[in-house]
Amino acid sequence: MQYLSTRDSQCRVESTQAISRGISVEGGLFVPETLPAITLDTIQSMTKMSYVERAKYVLSLFLTDFTPEEIAYCAENAYTAEKFGSDQIAQISKVEEGEYLLELWHGPTCAFKDMALQILPYLLTTSAKKAAAGKEIVILVATSGDTGKAALEGFKDVPGTKMVVFYPQDGVSQMQKRQMTTQEGNNVAVCAIEGNFDDAQTGVKKIFTDQAVVEKLAQHNMIFSSANSINWGRLLPQVVYYLSTYAELVKAGEIQLGDAINVVVPTGNFGNILAAYYAKKMGLPVNKLICASNANNVLTDFLTTGVYDRNREFYATTSPSMDILISSNLERLLYDLCGRNDATIRDWFGQLSKTGRYEVSEEVKAQIKELFWAGCCDDNGTKQTIGDTFSKDHYLCDTHTAVAVNVYRQYKEATGDETKTVIASTASPYKFASSVLGAITDQIPEDEYAQIDELNRISGLPVPKALAELKNKPVRFTGSIEKAEMEETVLKLLGIG
């Protein structure tokens with residue numbers, strides 16, 4: 001299978017090159033030339049497989065330049081019961097009749113990013129041996145909170161790699177910040193910037209495509225790659241859990257083979273819901289893809305109107321991992337919907353870069369309307385949803401999952417659709433203890449670990465070991481920089497500045 005760049009369809013590479021590079025030289029994102037088909041018979045056979053076996057099967061369809069042994073090595077090392085607390089890996093909780101929460105946060109860093117970032121180091125190092133033999137991989141990451149820690153944990157002390165993570169100084173939760181600033185590993189560095197996630201993401205992309213920086217790395221036998229969802233190796237593992245979840249629901253008798261489901265995803269960068277879109281295109285019976293945004297509702301407005309406009313107020317919310325106004329993975333969707341016309345993509349995203357705005361064609365608008373439904377939920381709605389869900393169902397969800405639950409309820413009220421629905425639950429409530437606690441009680445201790453203890457006392461939900469152990473870990477990374485200093489900082493950290 002070949003991979004194309006969204007901004008240059010003549011650029012064709014194999015999966016090892018797409019994964020090791022992360023992004024195309026002209027700034028485009030790699031997408032598979034074709035999507036393999038998944039039949040109902042295949043899904044039926046997947047009901048008899050473990051999660052690891054399902055992952056190996058799906059990966060083999062896309063990574064055709066990997067050997068079966070290499071794919072097995074990647075999947076079997078990434079998805080273990082020791083790391084995820086269960087052989088099921090992606091666990092499912094039935095909250096109400098016809099409503100299922102897909103808990104993607106049982107991995108080492110308690111966020112859905114673990115589902116991809118536990119396997120990416122294996123995919124990347126395997127790819128690099130084939131496509132970039134002998135070179136040291138420098139991984140740059142911009143994070144709104146969860147990707148950073150999951151990437152750091154996945155890549156710590158991985159031979160042949162170095163990693164630099166940038167996060168917005170005031171744009172992550174206290175627990176997310178503690179997770180990153182206490183990170184162990186001799187090959188990793190973490191740096192706060194004065195700005196928001198979009199500033200960090202734009203800065204990283206700029207460094208990636210700066211030819212002078214790329215050449216400087218080459219002089220020191222280094223190449224850039226990415227652990228953000230712009231890297232196909234990050235996105236592909238997310239396709240697996242949607243297919244796996246459907247197979248699990250069939251296996252449990254919750255749905256019949258061939259029944260359509262809805263999928264609800266809280267998202268800011270559009271990667272998680274794009275994976276569900278790809279699964280649908282492959283043949284997964286999906287009725288509607290429901291996109292849930294917080295107060296930074298640029299995606300809601302776009303999917304509703306066809307106009308993308310980031311020229312708006314930026315809100316720091318209680319669901320910080322979704323505090324994003326530039327959704328990178330939307331480019332992959334639009335490339336698909338406009339008939340893979342790279343000139344159109346260059347035009348739209350050129351407008352976005354210059355003016356902060358673009359409008360898609362009427363044909364693309366019609367396709368979006370057919371595929372997606374979108375809604376948004378502010379902090380007040382998030383708080384109420386956490387409280388209501390805990391009170392009614394005794395189920396405790398984090399702030400991002402609450403946005404999805406709230407938007408799903410909006411969808412049901414607006415449409416009357418009773419199709420059985422999977423809601424992506426993206427983080428442990430303990431990662432956002434203060435906000436979650438404030439939704440179920442008025443008694444909120446100031447200390448973040450006292451908050452965790454109180455949340456545990458009220459809910460009975462076990463505290464993840466990885467979060468409990470942070471309390472006594474020393475902080476390694478302090479201070480912050482201006483966004484204009486990101487390039488200089490990367491070169492300095494690499495020792496080549």
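The structure is a predicted model, in which local features need pLDDT of at least 70 and side-chain atom pairs count only at pLDDT 80 or more, while totals for chains, interfaces and linings use all residues. Residues are numbered from 1 along each chain as its sequence is written, and side-chain values use heavy atoms, with hydrogens and water left out.

**A helix pair**

Two packed helices are described by the angle between their axes and the distance between the axes. Helices here are DSSP runs of H or I with at least four residues, and strands are runs of E with at least two, both numbered from the N terminus. The axes of helix 3 (residues 51–62) and helix 4 (residues 68–78) come within 9 Å of each other and cross at roughly 140°, where axes are lines fitted to C-alpha atoms over the stretch in contact and angles run from 0 to 180 degrees between N-to-C directions. Helix 3 is therefore oblique to helix 4, since angles under 35 degrees count as roughly parallel, over 145 as roughly antiparallel, 65 to 115 as roughly perpendicular and the rest as oblique. Contact, meaning heavy atoms within 4.5 Å, joins Val52, Ala55, Lys56, Leu59 and Ser60 of helix 3 to Ile71, Ala72, Ala75 and Glu76 of helix 4. By class, this contact has six nonpolar, one polar and two charged residues, with Ala, Val, Leu, Ile, Met, Phe, Trp, Tyr, Cys and Pro counted as nonpolar, Asp, Glu, Lys and Arg as charged, and the others, Gly among them, as polar.

**The nonpolar cores**

A nonpolar core is a set of buried Ala, Val, Leu, Ile, Met, Phe, Trp, Tyr and Cys residues joined through side-chain atoms within 4.5 Å; buried means under 20% relative accessible area, exposed over 50% and partly exposed in between, with a 1.4 Å probe and protein chains only. The largest such core has 112 residues, and those with the most contacts inside it are Leu63, Met163, Tyr242, Leu334, Tyr358 and Phe372. Helix 12 (residues 232–251) gives the most to this core, with twelve residues. Apart from it lies another core, of 35 residues, including Cys110 and Tyr411.

**Individual residues**

Most residues other than glycine have a negative phi. Isoleucine 89, although not a glycine, has a positive phi of about 65°, and cysteine 110 likewise has a positive phi of about 65°. Isoleucine 89 sits in the loop between helix 5 (81–84) and strand 4 (91–96), whereas cysteine 110 sits in the loop between strand 5 (99–103) and helix 6 (114–117).

| Residue | Relative accessible area | Class |
|---|---|---|
| Isoleucine 89 | 0% | buried |
| Cysteine 110 | 2% | buried |
| Valine 164 | 3% | buried |
| Serine 480 | 33% | partly exposed |

Valine 164 lies in strand 7 (residues 161–168), and its C-alpha atom is separated by 6.3 Å from that of valine 141, 23 residues apart along the chain. Serine 480 belongs to strand 16 (residues 480–482); leaving aside neighbours within four places in sequence, serine 480 is in contact with Gln169, Ala192, Ile193 and Glu194.

**A covered helix**

Helix 8 (residues 146–155) is mostly covered, with nine of its ten residues buried. The helix is followed by aspartate 157, whose phi is positive, near 60°.
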